[in-house]
Amino acid sequence: MSDLVAAAPNQSTVATAPFPGLRPFAKRDHKYFFGREDQTFALYRLLRTNHFIAVVGSSGSGKSSIVRAGLLPLLEQENGESGRKVWQYAAMRPGRAPIDRLAIGLAKVLGDRDEFFAARRDRIAALLFASSHGLSDALQYVAPDPETQLVVLVDQFEELFRYMSAGAQINTRFEMSQRREEAINFIQLLLAATRSHDSRIRVVITMRSDFIGDCARFQGLPEAVSSAQFLVPSLSRDQREEAIRGPIEMSGATISSELVERLINDSSEELDQLPILQHCLARLWMRAGTVAGEAADGCAGSEPPTRHLTEQDYRDIGGLSGAISGHAEEIFSSLPGREKIVEQVFRALAEIDSEGRAVRRARSLGQLIGESGASRDDVCAVLDQFRADECSFLVPPLSSSLTANLPDDTIVDVGHEALLRRWTRVSGDPEATGERGDKREIGWLRQELRDGERYRFLHSCVDPQSLNESRLSDDQARRYWGWWNKWHPNAAWSARYGGRYEEVERLVRASYAASGRSRNLRNVTYAGIGVALILLAVGSTALYRASETFKHVALSTRNLSSAVLDSFNAGQTSLQSATKYRDIVKDLYDRFDDLPNTAQVSQLKTSWLLTSSDLNVALDDKAAARRDASKAEETTRPYLEKSPDDKGWLRLRYGALFRLGDLDLEDSVVYDGTGTVVARNQEPIAAALANYQESERIAAKLLEFDVTNPTSINPESIDHLAQQRFELAFALNKTGEALQVKRDFAGATSKFKRALEYATMIQGASRMEWKLQAAATQIKIGRVQRDFADIDGALQSYSDAIGREELLFLAYSHDKILRSNLASSYEDRAALYRTKKSYDLALQEFAKAGQILTALNEEDPRNMRILDGLARIYAKAGAVEQDKAVLQDLPLDMVIVQFRKEVSVREKIAQRRAGDQAFQDRLLQSQDKLKRVELAAAGAAKEVSKSLETK
């Protein structure tokens with residue numbers, strides 16, 4: 001077969017750039033496609049001998065270009081030389097409807113302008129959806145000649161993985177399942193059509209190399225991809241020079257040798273080097289044309305000067321590194337009054353995937369207009385500028401038609417993801433946090449991610465299947481009201497994150513209105529307690545001795561106490577206020593001492609004692625906590641002696657015993673002067689073990705009672721026996737913890753495994769606390785393995801637990817308990833990786849934990865516990881970076897980055913909790929640590945500088 005014949009050079013100076021800019025080369029650009037001839041023929045030979053070819057390479061390596069502008073024209077040339085259709089080809093991208101798009105691509109093989117196109121497309125689609133052999137069955141409508149080979153090009157194959165991922169626009173688990181099923185069917189169509197050596201179908205896919213691991217999600221795909229893989233090579237210096245000079249000389253222009261050398265040197269190590277180089281050359285072409293045009297104005301009547309590309313042109317456009325961002329900024333500045341629409345368009349056309357990568361998100365023109373919330377005229381005006389042929393930032397190119405003339409179903413897409421990484425307005429500063437006081441821009445895509453998370457949370461509050469509260473706290477109501485009025489979301493945009501726009505809007509408005517009333521409601525609650533105290537003080541005998549009144553007060557104060565406890569633990573109530581509240585309520589209960597101790601009154605008092613014990617533990621008053629729990633336990637004894645099977649008293653005794661066990665276990669710890677645990681006292685451990693074992697016995701008895709008396713509960717409920725199984729698993733875990741402290745690792749593991757059996761039974765129950773018990777138990781097993789120095793076993797247990805939590809996260813991505821637990825699990829797994837010196841894996845885990853805690857903090861900025869956890873994550877990540885730097889002889893830059901983040905968070909905490917000395921001390925310690933590292937880094941830099949001067 002003869003070599004590809006190049007078109008004859010055009011000696012005239014053409015206005016249209018012979019470079020595609022950011023978009024890949026298309027078949028129509030073939031004559032300008034230089035530097036890949038040998039690679040094109042290598043790919044052609046692979047196609048001749050294989051039926052499934054995977055063209056793989058990094059982003060911007062030229063995968064699509066070599067197929068569309070190299071291979072396909074070569075096939076057409078063979079057709080022309082043979083005088084018959086040796087090859088037919090269908091090209092498509094999976095997008096968000098892979099099988100429908102395949103049907104359209106196949107139907108277009110015979111043309112898309114004939115009257116039978118729609119019927120042909122529908123008939124092919126029916127075959128594809130009907131059977132895994134649908135692609136072979138469709139040959140009769142696409143390539144009926146038995147001598148013709150059909151090449152099916154699936155460009156941007158990685159879109160299929162994004163289509164079925166949880167990060168895509170998926171509103172329900174049913175839709176997620178549907179997408180996965182269609183993705184599987186699509187791949188089976190391709191594999192079935194290429195399985196036989198006699199098949200007339202050949203499939204060529206192009207795929208980014210960082211997605212190759214995703215192939216393992218589909219049976220048979222890894223084998224197919226591995227069997228005939230074409231890894232797109234980087235261009236050599238000579239090939240890059242040919243790719244630069246060839247199109248310019250083909251167009252009758254010239255380029256200085258100095259500029260060619262500069263372009264080759266500057267592009268050699270660039271990520272996305274080829275699209276960036278092509279865009280830079282297109283800009284140089286236009287710049288040189290402007291200069292040539294100005295020169296022509298000064299020599300009227302003479303031959304117009306030849307377009308000549310120079311180093312000065314290169315400097316004028318900002319060089320290779322700044323050409324894209326500079327060009328995008330020029331277009332942005334040319335749209336005064338429409339800046340917000342530009343932002344909305346790019347936020348709609350791209351997203352950050354689950355791996356943190358900026359990826360394209362193609363939209364139809366109608367969808368794009370809807371999501372942006374702007375008028376059609378305004379969106380079209382913006383698109384026209386970014387679709388211009390000289391930039392190709394968006395496709396289809398402007399030369400095809402003005403946007404206003406395009407139908408609403410036209411697909412609009414980003415020309416290349418390099419734009420998303422290179423334009424700073426889109427990508428932002430990678431070090432920016434988005435927190436108040438940080439003036440650096442986080443970029444449009446990260447802002448979209450945050451706004452999407454905000455809406456998903458609001459959506460979860462109105463979703464009847466979610467476990468989140470169907471209301472907002474006062475603080476949330478005020479923050480979300482401010483965000484809603486600043487961002488002005490619309491129904492089309494909200495569909496991207498779950499929909500239910502009208503319900504969400506009502507929630508935000510109603511919560512904001514209610515937040516103004518809730519403070520009054522709290523005041524009324526406190527006033528109610530005050531009234532009760534006043535009435536008691538004046539000696540109203542009837543009220544004083546009325547058990548019904550006591551019941552009312554007991555229930556009210558218990559609920560309010562739980563709220564105060566949650567608020568204090570979150571850092572939203574001061575130590576002084578919480579202590580004052582505890583003392584007021586204790587005084588209130590003390591005034592009921594003379595009330596006759598009926599069983600009902602005694603149970604209410606005992607229940608309050610357990611709540612009071614929890615309050616005292618939080619307030620670090622261990623003596624008061626033990627006094628309350630002990631009194632509660634003593635109160636249960638005489639009643640259980642009379643009625644040993646009374647479920648109410650058994651539950652109260654169960655609660656008192658495990659609280660006492662917790663206090664015993666805490667009392668066993670011996671600290672040194674720095675607060676480090678140095679030993680354990682055995683006597684308190686034995687007491688804790690006895691209390692836990694008794695609570696375990698009670699929990700088992702309560703479960704057995706309900707199993708043998710099924711009429712006492714609803715067997716049809718999803719929560720059938722869930723409470724009882726949870727309590728037994730909880731008690732078994734407590735016993736296991738005591739055995740672990742006692743260094744009885746075998747006994748602890750045995751208890752944890754029994755707990756896991758019961759916890760696994762309640763994974764489908766309604767309460768998140770129950771759903772998470774199995775994962776929590778597996779983590780306890782992992783901790784035993786860690787203490788026993790079985791790090792690999794511990795990692796496996798943690799990974800199993802995290803797998804459970806991540807599955808729950810797919811369905812309940814806004815549940816705060818779940819997210820907090822998942823962050824903690826990532827943090828613990830990071831510590832295990834650090835032990836193995838797998839520092840990069842440890843840092844990945846810390847990054848995941850930090851991302852979750854950052855989102856939680858954004859939703860609840862007053863929660864000091866979240867902020868403290870975030871500071872701890874940064875401190876640990878800094879320590880890992882330090883270990884890594886020492887081991888690999890690296891600079892301390894990344895250590896400083898992490899420690900600075902820690903200090904920033906601790907400064908916030910110290911400001912908000914100015915009266916808490918512990919937080920002030922932690923801030924001072926973190927600042928001192930940062931200074932030491934910065935001094936060490938400065939010293940190392942000086943040593944390097946001296947060494948270089950000496951040399």
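Good morning. I begin with strand β1, where both faces are covered: Phe-52, Ala-54 and Val-56 on one side, and Ile-53, Val-55 and Gly-57 on the other, are all buried. Strand β1 covers residues 52-57, and six of its six residues are buried. Please keep in mind throughout that this is a predicted model.

Which strands pair with β1? One partner is strand β4, residues 201-208, which runs parallel to β1 over six bridges. Within that pairing, Phe-52 stands opposite Val-203 of β4. Another partner is strand β5, residues 229-231, also in the parallel sense, over three bridges. Here Val-56 has Leu-231 of β5 as its bridge partner.

These strands belong to an open sheet of five, in the order β2-β3-β4-β1-β5, with parallel pairing. Strands β2, residues 87-92, and β5 stand at the edges; each has a single partner strand, so one side of each is left without a neighbour in the sheet. On average, neighbouring strands of this sheet are turned by 20° against each other, direction ignored.

Let us look at the β2 end of the sheet. Strand β2 pairs with strand β3, residues 149-154, in the parallel sense over six bridges. In this pair, Met-92 stands opposite Val-154 of β3. Helix α1, residues 37-49, packs on the sheet and touches β1, β2, β3, β4 and β5. The direction of α1 makes about 175° with that of β5.

There is also an open sheet of three strands, in the order β10-β12-β11, and its pairing is antiparallel. Why is one side of β10 and of β11 left without a neighbour in the sheet? Strands β10, residues 363-364, and β11, residues 394-395, stand at the edges, and each has a single partner strand. Strand β11 is joined to strand β12, residues 411-414, by two bridges, and the two run antiparallel. Val-395 stands opposite Asp-413 of β12.

I now turn to the nonpolar cores. The largest has 59 residues, and those with the most contacts inside it are Leu-263, Val-345, Phe-386 and Trp-423. Helix α12, residues 273-297, supplies the largest share of this core, with eight residues. A second, separate core has 45 residues, among them Ala-103, Ile-124, Tyr-163 and Ile-201.

What does Trp-423 touch, leaving aside its neighbours within four places in sequence? Trp-423 is in contact with Ser-325, Ala-328, Glu-329, Phe-332, Val-342, Phe-346, Phe-386 and Trp-444.

Trp-444 leads us to helix α20, which comprises residues 444-462. At 1.5 Å a residue, the 19 residues of α20 should span 27 Å, and the end C-alpha atoms are 27 Å apart, which agrees. Is α20 mostly covered or mostly exposed? Helix α20 is mostly covered, with 15 of its 19 residues buried.

Finally, the chain as a whole. The protein chain contains 40 helices and 14 strands. Of its 951 residues, 51% count as buried. The accessible surface of the chain comes to about 44,000 Å², and 51% of that surface belongs to carbon and sulfur atoms. Among contacts between residues at least 6 apart in sequence, 70% join residues at least 24 apart. Thank you for your attention.

Terms used:
Residues numbered from 1 in each chain as written. Predicted model: local features only at pLDDT ≥ 70, side-chain atom pairs only at ≥ 80, totals over all residues. Heavy atoms only, no water. Helix = DSSP H or I, 4+ residues; strand = E, 2+ residues; numbered from the N terminus. Buried < 20%, exposed > 50% of the residue type's maximum accessible area, 1.4 Å probe, protein only. Contact = heavy atoms within 4.5 Å. Areas by Shrake-Rupley, 256 points an atom, 1.4 Å probe, with all protein chains shown as cover. Core = buried A, V, L, I, M, F, W, Y, C linked by side-chain atoms within 4.5 Å. Expected span 1.5 Å × (residues − 1). Pairing = 2+ DSSP bridges. Axes fitted to C-alpha atoms, helices over the stretch in contact; angles between N-to-C directions.
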